[in-house]
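Trainee: I should like to learn how to read the features of a structural model. May we take them one at a time?

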Amino acid sequence: LLIFSGTAHPQLTNKICEYLNVSQGKVYIGRFPDKEVDVKVESDVRGADVFIVQPTCCPANENLMELLILIDCLRRASADRITAVIPYYGYARKDRKDEGRVPITAKLVANLLVNSGVDRVLTVDLHAAQIQGFFDIPVDHLLAGSVFVPYFESLKIPDLVVVSPDVGSLKQARSYAKRLHGDLAIVDKRRESAEKVSSLNIIGDVDQKNALLVDDMISTGGSIAEACRFLKDKGAKKIYICATHPVLCGNATEKLQKLPVEEIVVSDSIPIPGSKQLDNLKVISLA
Ligand code: R5P
């Protein structure tokens, strides 16, 4: 067993190796003068069971390309089995043609990965579970609930209602509500643009309850901010946020800083730069 890290998230790879007590495979990853990716694997991988840890985000293009080149490199070095560990699967939000003349990037990325020679993909909280079926190779779709739910259990939040900020996160919210013995509510969210969303209605009762908002990711922070405003408007008491992937782009951190919430709980599927740290942010490791 050999574990390699791309340059996207070496901290997570270190934690995984530490947890498993496995030393990391040696690889040089640099850039040619024209910025093309330069890779050389320095460990002997012939016949080995190899894992590469690399979220494909932040920046998505650089980290995806690096992952594809690493896979190609390991395949040509005669690794026996190559598993791409992609804690955050980027380009997932385009998973169908919801209007004319748009791509399906989640499928395109699946094709690129399979064609690069990967044998298996391991990922966490896909934006849409059906992306698993875009691959003709095994995909282990892990759920971050296995680390989040025990944490929220330990908080023992009374009068709990788990809230999905849109229909997309409903399954995740329902599963958390069941396991935390809370009620369930769903916000009817409408996206007006990439940065602007509005809430029209809520199904379920949040009045005088403590709300746990559950989403797969926080990107611009628009969805979470709007859901918090709406929940307060509907009489929610304390609000907790749980989002698997802290993409935190643009001024998301400033937006989150202003929210009237107890805690924002995320995973370390993506590294969070120091400049994006928040006082009430808790990061739970997926390692
Ligand atoms: C939407 O379908 C997702 O589950 C997230 O709610 C969304 O991508 C979050 O994006 P933002 O933070 O930009 O509102």
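Trainee: Which are the buried residues of α2?

Mentor: First, the basis of the reading. This is a predicted model, in which local features need pLDDT of at least 70, side-chain atom pairs count only at pLDDT 80 or more, and totals for chains, interfaces and linings use all residues. Residues are numbered from 1 along each chain as its sequence is written. Helices (H or I, at least four residues) and strands (E, at least two) are DSSP runs, numbered from the N terminus. A residue is buried if 20 or more other C-beta atoms lie within 10 Å of its own, exposed if 12 or fewer, and partly exposed in between, with C-beta atoms placed from the backbone. In α2, the buried residues are Asn63, Leu64, Glu66, Leu67, Leu68, Leu70, Ile71, Cys73 and Leu74.

Trainee: Against what do the buried residues of α2 pack?

Mentor: Two residues are in contact if their C-beta atoms, placed from the backbone, lie within 7 Å. The partners of the buried α2 residues are the strands β1 (2-5), β2 (27-31), β3 (37-41), β4 (49-53) and β5, together with α3. Another residue of helix α2 is Met65, which counts as partly exposed because it has 15 C-beta neighbours inside 10 Å. Met65 lies 9.5 Å from Glu36, C-alpha to C-alpha, although the two are 29 residues apart in sequence.

Trainee: How does one judge the span of α2?

Mentor: The expected span of a helix is 1.5 Å times one less than its number of residues. For the 17 residues of α2 this gives 24 Å, and the end C-alpha atoms are 24 Å apart, which agrees. Just after α2 comes Ser78, with a positive phi of about 70°.

Trainee: Which residues of α3 are buried, and why are they on the same side of α3?

Mentor: Helix α3 covers residues 105-116 and reaches 16 Å from its first C-alpha to its last, close to the 16 Å expected. Its buried residues are Ala106, Val109, Ala110 and Leu113. They are on the same side of α3 because they cover an arc of only 105° around the axis, the arc being that of the directions from the helix axis to the C-beta atoms. Their cover includes α2 (60-76), β5 (81-86) and β6 (120-124). Gly117 follows α3 and has a positive phi, near 110°.

Trainee: Which residues does UniProt list for "binding site"?

Mentor: UniProt positions are given in the numbering used here, feature names are shortened, and annotations may be inferred rather than shown by experiment. The unreviewed UniProt entry lists Arg191 and Asp215. Arg191 lies in strand β9 (residues 183-191) and counts as partly exposed, with 13 C-beta neighbours inside 10 Å. Asp215 is in strand β11 (residues 210-218) and is buried, with 23 other C-beta atoms within 10 Å. Leaving aside residues up to four places away in sequence, Asp215 touches Pro165, Ser169, Ser223, Ile224 and Ala243.

Trainee: What does the domain assignment give?

Mentor: Domain bounds come from an automatic or database domain assignment. Here that assignment gives domain 1 (2-142) and domain 2 (145-284). Their contact takes 11 residues from domain 1 and eight residues from domain 2. The C-alpha centres of the two domains lie 28 Å apart.
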